[in-house]
Amino acid sequence: MTQLALVIDLNVCVGCHACVTSCKEWNTSGTAGPMADLKPYGKEPRGTFFNRVQTFEVGEYPQTETVHFPKSCLHCEDPPCVPVCPTGASYKREEDGIVLVDSDKCIGCKYCSWACPYGVRELDEHQKIMTKCTLCVDRIYDMSLPEAERRPACVNACPTNARLFGDVDDPDSEVSVAIREQGGYPLMPEWGTRPANHYLPRRKTRMTIHEDELVRADNPLKKERQLPMPDADDPTLDETTSW
Amino acid sequence: MSKPLHDPLSKELDRQSRIEVKNTTCYMCACRCGIRVTLRDGEVRFIEGNPDHPINKGVICAKGSSGLMKQYSPARLTKPLLRKEGSERGDNQFEEISWERAFDLLEERLAHLRATDPKKFALFTGRDQMQALTGLFARQFGTPNYAAHGGFCSVNMAAGMIYTIGGSFWEFGGPDLERARLFVMIGTAEDHHSNPLKKEISKFKRKGGRFVSINPVRTGYSAIADEWVPIRPGTDGALLLALTNVIVRSGLYDREFLVQYTNAPELVNRDEGSPDNGLFVRRDIPVEEGCFDPQNKLWWDRERDEPVLTHTPAADPYLLGSFTLKDGTPVSTSFQLLTERLKEYTPEWAAGITGIPADTIHRLAHEMGITARDEKIELPIAWTDTWGNEHETVTGNPVAFHAMRGLAAHSNGFQAIRALAILMSVLGTIDRPGGFRHKAPFPRPIPPCAKPPNGPEAVQPDTPLAGMPLGWPARPEDLFVDEDGGPLRIDKAFSWEYPLSVHGLMHNVITNAWRGDPYPIDTLLIFMANMAWNSSMNTSEVRRMLNDRDEDGEYKIPFLVVADAFQSEMVAFADLVLPDTSYLERHDCMSMLDRPVSEYDGPVDSVRIPVLPPTGDSKPFQEVLIELATRLKFPAFTNGDGSRKFRDYPDFIINYETSPGSGIGFLAGWRGKGGEKFMKGESNPRQWEMYEENNCVFHYELPKSYQYMRNWNQGYLEWAKRHVLTRYAEPINIHIYSEVLQRFRLAAQGRSAGRQPPAHLRERLETHFDPLPFYAQPLEAEATDLHRYPLNAITQRPMAMYHSWDSQNPWLRQIHTWNFLYVNSRTAREAGIEDGAWMWVESMHGKVRCMCRHSEAVEPGTVWTWNAIGKAAGAWALDADADESRKGFLLNHLIKEELPAPDGSGPVSNSDPLTGQAGWYDVRVRIYPAEADEPRESAPQFEPVGPVPGQAVQNDPGKWLSWFAGRGGKP
């Protein structure tokens, strides 16, 4: 089996939103497009984005973490959005596990968005149909692109390479190795949806300093005769005891 | 499951359409990534990073990916516009005119100014990546009144580092994260450098490097730091001095580096009575005169116990110590003077100023020093230094720093940045693997050779300016002042008020011109700078000044020309509007004469090539300059008989030489008749095509042995000389002790012959031109009642927005539609302000109503907001009730371009006294809740402006945008 997915490395995501707009740019003029924007230059603009970045704070000052959290369809292995669809528009592709909406069948009833526990479905309010991340299905199989670029637009764009793309069913794929070795986790596994997308946690690098590293024979102050020395008439053990 | 009706993989449309793919260079920010633009039936379908470009290697950011929305923005200006007769500036009433008329108007006005008093024409530009051309234009015109935006951006970063190590961050150098083990980022927000830094930080973290971010706020890059060290704004100097104190006191400095490659062991005259006090002692030997440090200074040799010429073979100098010369002159090594200075700057002292615990400062200093010492890199690269010593390896101490506007935009920023450069040098990290690396054309001599004109006679009618409009003063004689020491530029740059204002002071131009101080001007041409909004301090007042008239009813700034691609807030104040093209519609070059895109491994320059025709009647500003320069018959733009020399900008780029036969032009790549030369060579008629065939970028990779230690690398310096990057292949020793500053100080003290400052500036100069770094609080803090205004207020730039450019972009504005004031939760609660509530933030200069967001990611004494999200109603083709103007706000209303002088002698610029750097981040504020009956909108508000003629605005409140390339944007 093949299950394509994204693995998002929160350890390096800086929240730049490259994935958000490169997604929109590719898909608005692609087979999933257009992606409408209501009041594009007005009050409370509201548009369709398959991928969004949420930023939130964890902890109290000064032990604060600022987390940038990109979120899009997780392409669940057991997607609750599929069985609820009354027209069969919502479907999961057998060949690669991508969850899609067939725009020609969708009636915009929103059942799927109520069923999705992750809130990643996006109703196109202009066309009144449901839309969502397609993993750029119209890119990744495009043989006219160089092989290295047959990846979702967000993955190609990401300046920190925080988005890995591949087959999570293949134990040797880059994504599987990353999940296995770096503590990759799915969102809300308790829902039993078995999300294909995973996240990699923050990792901290610390430095341990041993006190004796500060007092070394090659200390250049020695050369300048400026290493701290007691004054000549300060007491020493020589005057204090005879053993 | 039934078969899908819709084929998600369909390529049918592309098969039916005309698909074109073109390379050019992004301009959604100043990063200048290579991009690949795909067009479908002539419309932008996709913009992606060019995988073959050295800057971004295929990646692209949120802004770059939204470039097509800027291309098709209704804020685009498409017609030359003239203010309607009878209307006021700011009324936004314009009539369309032809380019011919616009050129005629300008030609007539400017020709008269040039023939009578060239300094009455001022050209100031928001962008500083076209200044090789804009600067040439100003110089050929003969006006000294020219600068780009560096004075209100980060001139302190450029000057503080270049006056110390001969190079600087961003375009001219950066952290080598490929080899670093410890990376310390201080005062950096989400830009400068953008994509390359993101790429490198990510790789650095993945290989286990340790990343410490020192910043009042934890956003962006700081979010993924291993440790966030919150600091009070404007106190960076105190921290850096305390870190250096610990490193020096613990013996964690790189002695060998300091001895060989810096002026640390050189002997300084300490005779208080001598006119040479504080200058290096020099041996009286014949030296060549030139723009470099002559090798006639002295070390104190340990074996012979007497002074010897520096770098005497086999000499073993003291790094620390005080001695007496044979003639009785007391001398000390400059490192001795530094350690004496550092004594008072203990971590315990700095803790009280910075808010960082002393233990943390100790630990950070130890981390830096021990990493530098114990994780040394030895690359098997042989090289030879300028004294003829052969080295089998290149050594690196893998501690890298990056800093930007957070350090720079304070009136004490220059000395703080000098302290940073000294810390980096003490750790032995300059142009070494894992530390700081230069990018060509840097390193330069300290200071670089270009000098401003130095007297009023440099400005003559119908004559090019004698000197560069901007340069690098090395001594009082280089200042651009009159006989009385008064300023000669409209922004007072290079005067005794701001002697090292190497980027000018754009933030004072309008105020000075309005006041007629030092003199009135006639025509102010502003290119791509939003001076009526986010690019000015004291925005409301500046808008009033732009519209102010004298007793005769004439505007105080008589003629205001605005060149821009978009309807910024500034456009409404113009008398004449010149519509610029977008970046996808023009030729451009990132020139070695300007701010190229060089990499650590060698020089890189690049170009933009149009992928689309200009929109409407917009015209690239470069073409406007070439046309005007030709009409005004500038010598460099016309033949002997006065006829046109260059057909257009592309022709100019190919054929212009800095002087006849010099072989130096704007582009370094593919020079010579057939494109066989680089850096220097004859014009190549196919140069643009060759760039186009090569991803729009020229990249020369230096031999490995020339890639490091370039301040002292004989091979590199000779290569640079041969390829005309520099005139002198002389060592560029680091200025731990700045004799340049001391020369100005001696003048201020009245101890040196030659130019003397006006009496009222002597004390200020003596204080600030300290040859050793020191800490003093910013001028604004000194002038403020800190009990009433206890908090610092700063801005940061979000990664998805660049200056004020992107609120017109329907995708990007959905990421940041309006801005909150972020306040530490505890601070907000103490002030009685709820999360999400309306509040006031007030400085001694003004107040702003905005919305509060509680945050745990900001230090308690600081409030902050995103820069330039707030807009004036109706500007940028936004609806008058758009959130940007109704909920968004501009912090600039709280910040003033001038402060009362301490002695009450009149206003002084709110700028660094050394460089004129605008003190954006120095303002002090207080906060309090808005009353319940107040309007739920930001204040101040401004009368909404509508679109100008030529803008494609449809104000339909229910409007949808459903972009689909190839169908006229329609689905």
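Domain bounds here come from an automatic or database domain assignment. For chain A of this predicted model, that assignment gives domain 1 (4-200) and domain 2 (215-240). The C-alpha centres of domain 1 of chain A and domain 2 of chain A lie 64 Å apart.

A quick word on bookkeeping: residues are numbered from 1 along each chain as its sequence is written, while chains are lettered from A and ligands numbered from 1 in the order in which they are written. Because the model is predicted, local features need pLDDT of at least 70 and side-chain atom pairs count only at pLDDT 80 or more, whereas totals for chains, interfaces and linings use all residues.

Now to where the chains meet. Counting two residues as in contact if their C-beta atoms, placed from the backbone, lie within 7 Å, 70 residues of chain A are in contact with 80 residues of chain B. On the chain A side, the biggest share, eight residues, comes from α1(A). Helices (H or I, at least four residues) and strands (E, at least two) are DSSP runs, numbered from the N terminus.

There is strand pairing across the chains too (two strands pair if DSSP finds at least two bridges between them): β2(A) and strand β37 (residues 960-961) of chain B pair in the antiparallel sense over two bridges. Asp37(A) has Leu961(B) as its bridge partner in β37(B).

Within chain A, an open sheet of three strands runs in the order β10-β1-β11, with mixed pairing. Its edge strands are β10 (163-167) and β11 (198-200) of chain A, each pairing on one side only. β1 (residues 4-9) of chain A and β10(A) run antiparallel, joined by five bridges, and Val7(A) stands opposite Leu164(A) in β10(A).

A residue is buried if 20 or more other C-beta atoms lie within 10 Å of its own, exposed if 12 or fewer, and partly exposed in between, with C-beta atoms placed from the backbone.

| Helix | Residues | Buried |
|---|---|---|
| α16(B) | 539-546 | six of the eight residues |
| α17(B) | 621-631 | eight of the 11 residues |

With six of its eight residues buried, α16(B) is therefore largely enclosed by the rest of the structure. Its buried residues, among them Val542(B) and Leu546(B), pack against α15 (509-515) and β24 (559-564) of chain B. The buried residues of α17(B) include Phe621(B) and Leu625(B), and the partners they pack against include β24 and α18 (649-655) of chain B. Just after α17(B), Lys633(B) takes a positive phi of about 60°.
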